[in-house]
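This report describes helix packing in one structure. The sequence and model are shown first, and the notes follow.

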Amino acid sequence: MYTTLITPKQLSSLPPAEVVVLDCRFQLDNPDYGHAAYEQGHLPGAHYLHLDYHLSSSKNGRNGRHPLPDGQRLAVDLGAIGVDAATQVVAYDDGPSQYAARAWWLLRWLGHEKAAVLDGGLKAWLAAGLPLDQAPPARRSRRFAIRPSLAATVDADAVLANLQTPAFTVVDARSNERFHGVGETIDPVGGHIPGAANRFFMNNLDAEQRYKPAAQLRAEWEALLGQGFDPAAIVHQCGSGVTACHNLLAMEIAGLPGSRLYPGSWSEWCSDPARPVAR
């Protein structure tokens, strides 16, 4: 069972009947990109899941750019492509794995432990000399039952209350520039949640966009948050609850499980002018 990362070699050796592969390619400035790229070539048997349509729900201007999807609807979508309790699920994209990490986290949110991210994504798969396919994947509908969640969340009210009575530390996964409100081009307000720490998600990766070794990740997280910190007292956020999942996965790899996600993240936080902003 793979619960964090899987290598291309490991994935290629799994029996196809026991694994469902999710292609999660996406570009914020071109939402049609991922599916078009998928049709040009994808991992054999992979199914495409779209960040806006499958891995998020509708936004209303107050709930962030990528609100969590309806769990029951996502469960139906997963069952329709062959995921049940026994299925190993592997997610990948063609970048630094932030969209794959979102899918990984959502599976855990629905109680599915057998979920992993392809380390290094599409680039690593091709570098290993493994093939792509253009054929549509076989459909083998199964029942995906939601089980007790393996991933906890907090909402905006909890984050606001935490400013007055600190019970957890917020870690922002955005770049240092966006964290400080410099060059903000995605959200209408620049800055960060007061008191938040900053860990740019790209710092979890090496030069090949593979996750750093567990011991190195652990040392870096402890350098940020303190030796022996309690992961349960950490809440992750980013711009819209996507790259924060990258940091959640990094902590799992580092042997620091149990932190939580603020799904609405900065895009939800800054939609209410009454919420304070730091720069």
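**Helix 2**

Helix 2 (residues 33-40) has Gly34, Ala37 and Tyr38 as its buried residues (buried: under 20% relative accessible area with a 1.4 Å probe, protein chains only). Viewed down the helix 2 axis, these residues fall within an arc of 105°, so they line one face; the arc is that of the directions from the helix axis to the C-beta atoms. An α-helix has 3.6 residues a turn, so residues three or four places apart point the same way. The buried residues of helix 2 pack against strand 2 (19-23) and strand 3 (47-48).

**Basis**

The model is predicted: local features need pLDDT of at least 70, side-chain atom pairs count only at pLDDT 80 or more, and totals for chains, interfaces and linings use all residues. Residues are numbered from 1 along each chain as its sequence is written, and side-chain values use heavy atoms, with hydrogens and water left out.

Helices (H or I, at least four residues) and strands (E, at least two) are DSSP runs, numbered from the N terminus.

**Helix 8 and helix 9**

Helix 8 (residues 214-225) packs on helix 9 (residues 243-253) at about 115°, with the axes 8 Å apart. Axes are lines fitted to C-alpha atoms, for helices over the stretch in contact, and angles run from 0 to 180 degrees between N-to-C directions. Helix 8 is therefore roughly perpendicular to helix 9 (65 to 115 degrees). Ala214, Leu217 and Trp221 of helix 8 meet Asn247, Ala250, Met251 and Ile253 of helix 9, where contact means heavy atoms within 4.5 Å.

Definitions and conventions
Parallel < 35°, antiparallel > 145°, perpendicular 65-115°, else oblique. Buried < 20%, exposed > 50% of the residue type's maximum accessible area, 1.4 Å probe, protein only.
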